[in-house]
Amino acid sequence: MIAFILSALLSVDSISTPSHLIDEVVVVSAANEGRKRSAKGKVASIDEHLAELSHVNLVRRGSYAWEPMVNNMQIERVSTTIDGMKIFYACTDKMDPVTSYVESSNLQSILLNSGLNGNPQSTGNIGGSLDLKLKKVGFSPLPAPSDSPLGEGSRPDGSSPLGGIRGGLSSGYETNGHVQVYGVDASTSSHWFYANGGAFYRHADNYKEGGGRKVSFSQFRKVNAFINLGLRLTELDVLEGTFIYDRATNVGYPALNMDVSKAEAFITSLAYRHQFDHPVLNTWETKLYYNHITHIMDDTTRPDVAIHMDMPGESWTSGLYSLLTASKGSHDVQVNYDLYYNRLFADMTMYPGGAAPMYMVTWPDVGTLNTGVALSDLVSLPHQQSVKLSAKIAQQWQKLNNEEGYHALRVFFPGMKDHYVQTTGRIAATYTWQPSHWQLSFGAGWGSRAPTVTEAYGYYLNNTFDQYDYIGNPRLKNESAIELNGAITWRPSAHFSLGADANTFLFSNYIIGQFENRLSAMTVDAEGVKVYGNLSHATIVNTSLNAQWQALPWLTWNGKVSYAAGRDDDQDPLPLISPFAYASNLDVKWKRLQTRVEVRGNVRQTDYAPKYGETQTDPWAIVNLNTTYTLPLRQTALTIRAGIENIFDKRYSTYADWCDIPQKGRNVYVNLAWEL
C-alpha cells in the first residue's frame, strides 16, 4: 500500500517489461521474425526500423540521419536514450539525432512510449520517448548434471556449456544510389561470461528522385563497431560493459546549405545488476556511462559558396541511473534515480573574401547538470483491469562556461545570468480493461520540459526551413502540457482485429521561434531573425484507425489511416504536422517464402503553416513489393530479402521532407543475412 501511495504521488513511466509497460516495440535483431520490423531486416537502417512504429514520423534532410518525431513533435519534445543512457546531439542544425549513432547490428529492439508515458531515464518527453535496446547475447544456463540423459557437459538445448562462437554475415545492395551494406558479428556465451560484438559499413552515392533526376549532395559513408561484455560475479550478481564507436563521413544534406565531413561518437557504459532472493524486491541495476560526440559541418564541396564557414560542435555526457524493481501482491513497482552532466559547445568561423575571418560562438559551452527521481506502479485489478501510475521530478542546473558566447547573447538580453536553475516533472495515470474480445484504455497526464540549449542560448542559428536566423532566449519559461489519450481494440476472433486510438496535448508556454523585426539577419539570403518565445497555449491532436484480417492461413491484410492537427494561440496551424495518411499491405506466406505488397501515401496537405515557413505538400501514393526466403543449411540459415520500393517511380515529397527535397524514385534491393 505504501508503494501504491508513493507512486500515485510521485511515480514514473517505465519500460522494463515490454509485455505491459511500453506502447510499441520494433524488433531490429535477426530473431523474432514474426514481430514488427523493417522489410529489409538486419541490414535496414535505424531510420527504416523507426518508420515501422505507429506514432513515429521522420524529418528528412537527406538520405542519412533522419530526425524522429513522436506524436508529431520534434526532437525537443522527445527523449531518446540508448539502453537508458542519455546522449545529446552535437549539431545546431539537428543533423545528428541520437539514433544516427547506432546501427541495426547494435540493437535488439526499439521501445516506444507515447506521450508522457516515458521510460524512467527520460527527461522532457512531452511527445514521447524512444529507448534503443542494445543486443546482448546474455549468459547460458548451467549445464545438465553428468548423470543427465542428455550426457555430460551438455545443455538442454544440446549446445556446449562453453557456448562456442556463433556469428553472422550480412550484406545488401540497392540500385538507387548504389547503396552498399556489409556487416559481421560474433558472440560467445557461457554461464559465467558472454561477449558479442560486430562491425558495420554503409556507403551510398547520390540517389535519384522519381523520374531519374539525381539529387546532389545525398551521399554518405558510415562505419560502426561495438562490443558487449558480461561477467557473472555470483549467481545473483552480474557486471556488464558496452563500447560503441560510430563514424560517418562525407555526409551530404541536399536540404541544407552545408554537408558533414565527420560525425563521430564514442559511447561507453558499465552496469552492475543484482537479482534479489526476496519475496518483494526483484532486481537492482546501476549503470555508469560516458559518451562524446563530435560533429563537423563542411561547405567546401558546395559550388558557389558566398562565404565559406567552419561549424564544428561537440557534446560530452557523463551519467548514471539506478533502477530498483519490486513486486508485492497486485503491485509492480519501479524506483529510479538518474543523474547526468552534459556539455554542449559549437562555434562558427566565416571567411569573407578579402576580409579578416569572423568568429562567433553559437552554443556557449553550456554545462547542464540534471538529476531526478522517478517511480511507477502497475496495479493489477480484478476482472482483467489494471491501472498504471507514474511520475518523475527533476532538477536542472545550467551554466554558460564560454565568456565570449555569454557576452554576445547578453547584448540582446541585458541583465541575463550565466547560470539558471529549472525544475521539471511529469505525472500520468492510465486505466486498462481487457474483457473478452476487447481492450479499452484511457489516461491523462501532465508534464513539463526546460528549454533546450538551442532554444535558450543559441546564437544566430540559420534555419533553412523558413530561411530565418534564430536566437535563443534565456528568459523562456518551462513548457508544459496536459495529455488526454484513449484507445480501443476489438478482436472478435484470432483472425480479425479493429482498433482506434487518439491523444490530445494541451500546451502552456509553447516554445517556438517568433519574428523580431528589430534585428538584422547575419546569414546571406536569410529572410530575417526570429527569437524563441513562449506562446500562451497550443494544441496537437493525433488520431488513427487500424485493422488486421487473416482471410486465409496464408493470406493477411493490414490497413491503417491517421490524422493529426496542430494549432497555436492564434488558431494558425503549427508546422510539421502530418496530413491524413494511409497505408495498406497484403502478406502472403507459403512455407519459407513471405511476400508483401504495400500501398501508402498522404492526401494533399491543406492544413499547412505558412506563418512558420511551411509550404503545401501535394498528395502522393507509392507501391512497394518485398519478399523474404529463409534457406536452412545444416546448422546455419541463409535469409534472402529482395524488393522494389516506389515501383512506379513516383516523384514526391512528404510533409516532413525538409525544404521539400524529393524522396527516392524506384529502388531495387537485395539483402543477404547468414547466421552461423
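**Strand pairing and what packs around it**

Reply: Start at Ser170, whose bridge partner in strand S31 is Ala673. The model is predicted, so read every position as part of a prediction. The two strands here are S8 and S31, the latter covering residues 667-675. They run antiparallel, with seven bridges between them.

S8 has another partner. This strand spans residues 165-174, and ten bridges tie it to S9, residues 179-189. Again the direction is antiparallel. At Glu174 in this pairing, the residue opposite in S9 is Val179. S8 and S9 make a hairpin, with four residues between the strands. Gly177 sits in that turn and has a positive phi of about 95°.

S10 takes in residues 193-204, S11 residues 220-234. Twelve bridges pair them in the antiparallel sense.

Arg221 faces Thr249 in S12. What links S11 to S12? A hairpin, through two residues. Phe243 and Tyr245 belong to one aromatic cluster, together with Phe266.

The whole structure holds 20 aromatic pairs. Take Trp490 and Phe496. Their ring centres lie 6.1 Å apart and their planes meet at 75°, so this pair is edge-to-face. The cut-off behind that label is an angle over 60 degrees. Trp490 is partly exposed, at a relative accessible area of 34%. Phe496 is partly exposed as well, at 26%.

Trp620 and Tyr652 make another pair. Here the centres are 4.6 Å apart and the planes are at 25°, so the rings are stacked. This pair links distant parts of the chain, 32 residues apart. Trp620 belongs to strand S29, residues 620-633. Tyr652 lies in the loop between S30 (636-645) and S31. That brings us back to S31, the strand that pairs with S8. Are these two residues buried or exposed? Both Trp620 and Tyr652 are buried.

The charged end of Arg61 sits over the ring of Trp658, at 4.3 Å from its centre. Lys530 does likewise with Tyr468, lying over its face at 4.9 Å from the ring centre.

Last, the nonpolar interior. In soluble globular proteins, nonpolar side chains tend to be buried together. The largest nonpolar core in this model counts 83 residues. Which residues have the most contacts inside it? They are Ile82, Ile110 and Leu130. Strand S16, residues 331-351, gives the most to this core, with five residues.

Leaving aside residues up to four places away in sequence, its contacts include Leu50, Leu53, Val56 and Val70. Ile110 is also among them, as are Leu111 and Leu112. Pro68 touches Leu130 too. So do Ser79, Thr80, Thr81 and Asn119.

Another core lies apart from the largest one. It has 15 residues, including Ile126, Phe505, Phe507 and Leu574.

Methods:
Residues are numbered from 1 along each chain as its sequence is written. This is a predicted model: local features need pLDDT of at least 70, side-chain atom pairs count only at pLDDT 80 or more; totals for chains, interfaces and linings use all residues. Side-chain values use heavy atoms; hydrogens and water are left out. A nonpolar core is a set of buried Ala, Val, Leu, Ile, Met, Phe, Trp, Tyr and Cys residues joined through side-chain atoms within 4.5 Å. Buried means under 20% relative accessible area, exposed over 50%, partly exposed in between (1.4 Å probe, protein chains only). Contact means heavy atoms within 4.5 Å. Two strands pair if DSSP finds at least two bridges between them. Rings of Phe, Tyr and Trp (its six-membered ring) pair if their centres lie within 6.5 Å; planes under 30 degrees apart count as stacked, over 60 as edge-to-face and the rest as tilted. A charge sits over a ring if NZ of Lys or CZ of Arg is within 6 Å of the ring centre and within 35 degrees of the ring normal.
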